[in-house]
Amino acid sequence: MASAFSHALAAAAMGSFYPAKQFGWRFWVLGMLCAILPDADVISFSLGIPYGHVLGHRGFTHSFLFALIWGWLVCELFFRKVPRGSKTWWMLLGYFFLCTASHAVLDALTNGGLGVAFFAPFDNSRYFFPWRPVQVSPIGVENFFSEWGWRVIKSELFYLALPSLIIGLIGWLWQKFR
């Protein structure tokens, strides 16, 4: 998996293309939380659920269906005043879907694990992209602050943070001059 920092940064980069001023801080915080949330599935290890199970790590919570359901739920719970089905509502749903789905996409760029179940629960096959430049992040905070964690940070700075910053800058410029 990519680290929580890179997932959050990717959400912020995507958010830069949205007129987020009208939604305030919760737009940004919820986007970043959506991007990090799929890794809550690590609780499956303590429940005895095998890694490769549909409910295991990088299973259903990393699927596009989960991203859509979660994006819809965020809109329903936190943006009740936005008329359902309006252009703004669809824009918010799209953003929270993309933030949640981006987690799986970034994880598919890592060099470890069993892959990502993009199409769960309909297909539990695990996928990686052919190009996997990102060092897989260790599970657990204590393991992150180690030599392994340092290798993760270095690979994510180049392959995830730098592109996110460039995309964020483009989005910011697009908002400023449109």
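**Notes on an all-helix model**

1. The chain's secondary structure comes to seven helices and zero strands, with helices (H or I, at least four residues) and strands (E, at least two) taken as DSSP runs and numbered from the N terminus. Bear in mind that this is a predicted model: local features need pLDDT of at least 70, side-chain atom pairs count only at pLDDT 80 or more, and totals for chains, interfaces and linings use all residues. Residues are numbered from 1 along each chain as its sequence is written, and side-chain values use heavy atoms, with hydrogens and water left out.

2. On overall shape, the elements run α-α-α-α-α-α-α from the N terminus. The chain has a radius of gyration of 16 Å, close to the 16 Å from the globule rule for 178 residues, so it is as compact as a globular protein of that length. (That radius is taken over C-alpha atoms, and the rule is 2.2 Å times the number of residues to the power 0.38.) Along the principal axes, the C-alpha atoms fill a box of roughly 45 × 35 × 30 Å.

3. Have a look at H2 (residues 25-36) against H5 (residues 87-107): their axes come within 6 Å and cross at roughly 35 degrees. Axes here are lines fitted to C-alpha atoms, for helices over the stretch in contact, and angles run from 0 to 180 degrees between N-to-C directions. The crossing is right-handed, meaning the near helix is turned clockwise from the far one by less than a right angle.

4. Who touches whom there? On the H2 side you'll find Phe27, Leu30, Gly31, Cys34, Ala35 and Ile36, and they meet Leu92, Tyr95, Phe96, Cys99, Thr100, Ser102 and His103 of H5 (contact means heavy atoms within 4.5 Å). The residues of this contact split into nine nonpolar, four polar and no charged; Ala, Val, Leu, Ile, Met, Phe, Trp, Tyr, Cys and Pro count as nonpolar, Asp, Glu, Lys and Arg as charged, and the others, Gly among them, as polar.

5. A search of the whole structure turns up one cavity of 30 Å³ or more. By cavity I mean a set of points on a 1 Å grid over the protein atoms alone where a 1.4 Å probe fits but cannot get out, with lining residues having an atom within 4 Å of a point; points are joined across faces, edges and corners, and volume is the space filled by probe spheres set on them. H5 gives the most to the lining, with four residues.

Note on methods: 1 Å grid on protein atoms, 1.4 Å probe; cavity = no way out; pocket = protein on both sides within 12 Å on 5 of 7 lines; lining within 4 Å.
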